[in-house]
Amino acid sequence: MRAPDPRIVLGLHRSRHERRLLTCALDLGVTGLDTSSNYLGFRSHETLARTASDLLPRFSVSTKVGYFRTPYGVEHSLDAHRLRTAMERVAKDFGQEPELVFLHNPEHSLQGSASHGREILAHAFAALDEATSKGLCGTWGVASWDPTLLSSLVDPGMPKPSVLMVRAGLLVGTRTLTAVDVLATAWGLDDTVLWGMSPFGGSTDAPVWERVDPRVFLRDGDKASRVQAAFRAAYHLPQVQAVCVGTDEPAHLGELVDALAWDVDEVAIHEYRDLLRSRAGGQPS
């Protein structure tokens, strides 16, 4: 069976949520839209519903829950009741049920013993599973910035997410790549339901992209830009089918869409992963 084509999801982290970007994305064939309950100062859902309610049905919409606004600031929680309430509010704020809801960075609330962490995680997973069964979203997943802790807390008795989103790209270390492999195996997730995020490590203007040439990871990629090459390689570090990327510039989004036309040199990727493993003692996660 032919593997599905790589897919771009437009992420709204740090985005201005401008309508012109959404219309541009649709014109480019980008129909995945990802946000979070805490984006835009906890106003992302309401802003999208107000400014682009007619466009939202044309997207496959995903969002995240896990961060909460309190009188004392923002806090993270895996409390089952708060998560269920947040899921209910997502559907009301959007005016429609999202296709996918992620549990956002669960590792932030998993300090303490492993047994306690498994218990908290199991209750959180059960809350999202229950909310999904009630029709509050199409399915649920986990979005984790650092999945290394999660990989040690997997319990076969827990409900299993349907999608996993993690950091991807050339700046991701071997500990994270290994943890993704562990989680995907434990949850029975293949490449088609693995998503990447932050493919440039936060910025395409970071000095690292001047020092390295990611085009070595492409076949016949001499005409690609370094940004395009780094983005295309991110689909293989780890192996994912979709990459969530944030931008407010239609031209940048178009450049990334064009990058999907290049083929990745999988031998070069394999050798790079071997190099990361050999230097794992000094690599960040």
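Colleague: Quick one to start: does Cys-137 count as buried or exposed, and at what relative accessibility?
Modeller: Cys-137 counts as buried, at 5% relative accessibility. Keep in mind that this is a predicted model.

Colleague: Okay, and how far is the sulfur of Cys-137 from the closest cysteine sulfur?
Modeller: That distance is 17 Å, to the sulfur in Cys-244, which is too far for a bond.

Colleague: What about Cys-244, then: which cysteine sulfur is closest to its own?
Modeller: The one in Cys-24, 16 Å away, and that is again too far for a bond. Cys-244 counts as buried too, with 9% relative accessibility.

Colleague: How many disulfides does the structure hold?
Modeller: It holds 0. A disulfide is a covalent bond between the sulfur atoms of two cysteines.

Colleague: Switching to rings. How many aromatic pairs turn up in the whole structure?
Modeller: The search finds 6. In one of them, Phe-200 and Phe-231 have ring centres 6.2 Å apart and planes at 25 degrees, so they are stacked.

Colleague: Why does that count as stacked?
Modeller: Because planes under 30 degrees apart count as stacked, and the planes of these two are at 25 degrees.

Colleague: Where do Phe-200 and Phe-231 lie?
Modeller: Phe-200 is in the loop between strand S9 and helix H7, while Phe-231 is in helix H8, so the pair ties together parts 31 residues apart in sequence. Both residues are buried.

Colleague: And how are the rings of Phe-217 and Tyr-272 arranged?
Modeller: They are edge-to-face, since their planes are at 80 degrees, with the centres 5.4 Å apart. This pair links distant parts of the chain: Phe-217 sits in the loop between H7 and strand S10, and Tyr-272 in helix H10, 55 residues apart. Phe-217 and Tyr-272 are both buried.

Colleague: Which residues form an aromatic cluster?
Modeller: Phe-125, Trp-140 and Trp-187 form one.

Colleague: Which ring does Arg-82 lie over?
Modeller: Arg-82 lies over the face of Phe-68, 4.4 Å from the ring centre. There's also Arg-232, whose charged end sits over the ring of Tyr-235, 5.4 Å from its centre.

Colleague: New topic: what volume does the largest pocket have?
Modeller: About 830 Å³. It is lined by 32 residues, and those closest to its centre are His-13, Arg-14, Ser-198, Gly-202 and Gly-246.

Colleague: Which elements give two or more residues to that lining?
Modeller: Strands S8 and S11. S11 gives the most, with 3 residues.

Colleague: What's the lining like by class?
Modeller: It has 13 nonpolar, 13 polar and 6 charged residues.

Note on methods: Residues are numbered from 1 along each chain as its sequence is written. This is a predicted model: local features need pLDDT of at least 70, side-chain atom pairs count only at pLDDT 80 or more; totals for chains, interfaces and linings use all residues. Side-chain values use heavy atoms; hydrogens and water are left out. Rings of Phe, Tyr and Trp (its six-membered ring) pair if their centres lie within 6.5 Å; planes under 30 degrees apart count as stacked, over 60 as edge-to-face and the rest as tilted. Helices (H or I, at least four residues) and strands (E, at least two) are DSSP runs, numbered from the N terminus. Buried means under 20% relative accessible area, exposed over 50%, partly exposed in between (1.4 Å probe, protein chains only). A charge sits over a ring if NZ of Lys or CZ of Arg is within 6 Å of the ring centre and within 35 degrees of the ring normal. A disulfide is a pair of cysteine sulfur atoms within 2.5 Å. On a 1 Å grid over the protein atoms alone, a cavity is a set of points where a 1.4 Å probe fits but cannot get out, and a pocket is an open set with protein on both sides within 12 Å along at least five of seven lines; lining residues have an atom within 4 Å of a point. Grid points are joined across faces, edges and corners, and a volume is the space filled by probe spheres set on the points. Ala, Val, Leu, Ile, Met, Phe, Trp, Tyr, Cys and Pro count as nonpolar, Asp, Glu, Lys and Arg as charged, and the others, Gly among them, as polar.
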